[in-house]
Amino acid sequence: MAHAAAAATASRHSAWQGTQAVPADPILGLVAAFKADAAPRKVNLAQGAFRTDEGLPLVLPSVVEAERRVSSALASGAIDKEYLPIEGDATFRTLSAKLIFGDESAALAEGRCATLQTLSGTGAVSVAAAALCRMAGARTIHVPDPSWGNHGHIFRSAGLEVQNYAYLDHRTGTTLDFDGMRAALSGLPRGSVVLLHACAHNPTGIDPSGEQWQELAELFAGRGLVALFDSAYQGYASGDLDADAASVRAFEAAGVLPVACQSYAKSLGLYGERIGAVNFVCASREEAEAVLSTVKQTIVRPAYSSPPLHGARLAAEVLGDAALFAQWRGELRGMANRVHRMRVLLADALRAEGAPSPDGGDWGHVVDQIGMFAYTGLSASHVDSLRERHHVYLTRDGRMSMAAMKPADIEYVARAVRSVLAE
């Protein structure tokens, strides 16, 4: 009996017989390894998710209230669970575009922005990449060195060749090489597509200054470059929604027609709801209407038909209600302040331990960087030693999640860093 079953299995043809296993995702693989680690003292600073001082996930009170309102409307029969349109929830789309472009946006006033709800920020970048390749004829995208690890996968999957431009100053490993960045972008052919991080650059936490953003906006306008913004942290980076959107707004004001991708995973804590948006600023209302219809019919419809309903309702409730919106702004400031406090505490602890900063400084870069990550300057071998000897988990580029840091872990992490740097 068993022999017959084995023979039948062996005779079956599998379409997947030549498939080879691929390595785990660099970040999610670390999360899985952390969970499997039986060490009594371990610290997970690999994943980009906000935690409280106690190390717990946070559901924002504004979102809890939005959830209550949506549930009440559903229970009363005022709303249902029907499909959203291909382009997503209309109220959410309008509010999301206004959030990133602001009240003074000419594109919004003139109806020149095509906005679609997407599967969070990853989905927004994916839709934008597909549109740039299939509709705009792009073949190459220029990405900062370094960038979020998934960017390259998304762009290559869409059919784009990925080329890097200077961003991190590799002499220090912790600062921006603005001269190199400007020179690289100035040399690109007209019409080149360039990825920019709107704020809180991932993985470095190093952003251009306001003056540098303005200079870049003028460069893009003068050379006819296409700006693709990835805005994953608006309001969460500095605690100020307007400050974190200043780069995108500067480009629009300079006459650039940007593509802006948004995620509400971090800023609203809607990680698992997968809520985002992609905005195509166009030259005219007619062009925006054509872009919207083409993207939704030829890119979104064949891929996933329509986006998630529930998270869009939650986001629209918070963005559209004056009281909830004000409450959310306060919660954003609270999250940003907590992350900054962890930066200060860690830098102080590293100095107190006498740990030598990899850039030759005094760990000031940990405080100066912005957003949820610190680009420590630690090498891959340092990171491996932290994980293997001290059970402290970072990504191998030295990126440390300050949003996941607990005050109770600061001294332990600082001692561990000093130990591996002394090896």
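# Briefing on buried residues, strands, cores and cavities

R93 counts as buried because its relative accessibility is 16%, which falls under the 20% limit for that class. The structure discussed here is a predicted model, and every value below was computed from that model.

- R93 lies in helix α4, and, with residues up to four places away in sequence not counted, it touches E87, G88, T115, L116, Q117 and L292.
- Between R93 and A124 there are 31 residues of separation in sequence, while their C-alpha atoms are 13 Å apart in space.
- Strand β2, which covers residues 113-119, has six of its seven residues buried, and it is therefore largely enclosed by the rest of the structure.
- β2 is joined to strand β10 (residues 275-281) by seven bridges, the two strands running antiparallel; within this pairing, T115 stands opposite N279 of β10, and T115 is also one of the residues that R93 touches.

- Strand β7 spans residues 193-197 and is mostly covered, with five of its five residues buried.
- V193, L195 and H197 point one way from β7, whereas V194 and L196 point the other way, and all of these residues are buried.
- In a regular strand, side chains alternate between the two faces of the sheet.
- β7 runs parallel to strand β3 (residues 140-145), to which it is joined by two bridges, and I141 is the residue that stands opposite V193.
- β7 also runs parallel to strand β8 (residues 226-231), with five bridges between them, and here the bridge partner of V194 is A227 in β8.

**Nonpolar cores**

- The largest nonpolar core contains 64 residues, and those with the most contacts inside it are L45, Y233, W328, L346, V392, M405 and V413.
- Elements that contribute two or more residues to this core include helices α3 (61-76), α4 (90-101) and α13 (322-353), together with strands β10 and β11 (373-375); the largest share, ten residues, comes from α13.
- Another core, of 34 residues, lies apart from the largest one and has A124, V127, C261 and C282 among its members.
- V392, one of the residues with the most contacts inside the largest core, is in contact with V43, L45, L386, R387, Y412, V413 and A416 when neighbours within four places in sequence are left aside.
- In soluble globular proteins, nonpolar side chains tend to be buried together.

**Cavities**

- A search of the whole structure finds two cavities of 30 Å³ or more.
- The largest cavity holds about 40 Å³ of space and is lined by L99, S231, Q234, Q262, S263, Y264 and S267, a lining that by class has two nonpolar, five polar and no charged residues.
- The second largest cavity has a volume of about 30 Å³, and its lining is made up of L346, L350, W363, V366, T376, L378, M400 and V417, of which seven are nonpolar, one is polar and none is charged.

**H365**

- H365 has its place in helix α14 (residues 364-368) and is buried, with a relative accessible area of 6%.
- Apart from neighbours within four places in sequence, H365 is in contact with T174, S357, D359, Y375 and T376; T376 is also one of the residues that line the second largest cavity.

Technical notes: Residues numbered from 1 in each chain as written. Predicted model: local features only at pLDDT ≥ 70, side-chain atom pairs only at ≥ 80, totals over all residues. Heavy atoms only, no water. Buried < 20%, exposed > 50% of the residue type's maximum accessible area, 1.4 Å probe, protein only. Helix = DSSP H or I, 4+ residues; strand = E, 2+ residues; numbered from the N terminus. Pairing = 2+ DSSP bridges. Contact = heavy atoms within 4.5 Å. 1 Å grid on protein atoms, 1.4 Å probe; cavity = no way out; pocket = protein on both sides within 12 Å on 5 of 7 lines; lining within 4 Å. Points joined across faces, edges and corners; volume = space filled by probe spheres on them. Nonpolar A, V, L, I, M, F, W, Y, C, P; charged D, E, K, R; others polar. Core = buried A, V, L, I, M, F, W, Y, C linked by side-chain atoms within 4.5 Å.
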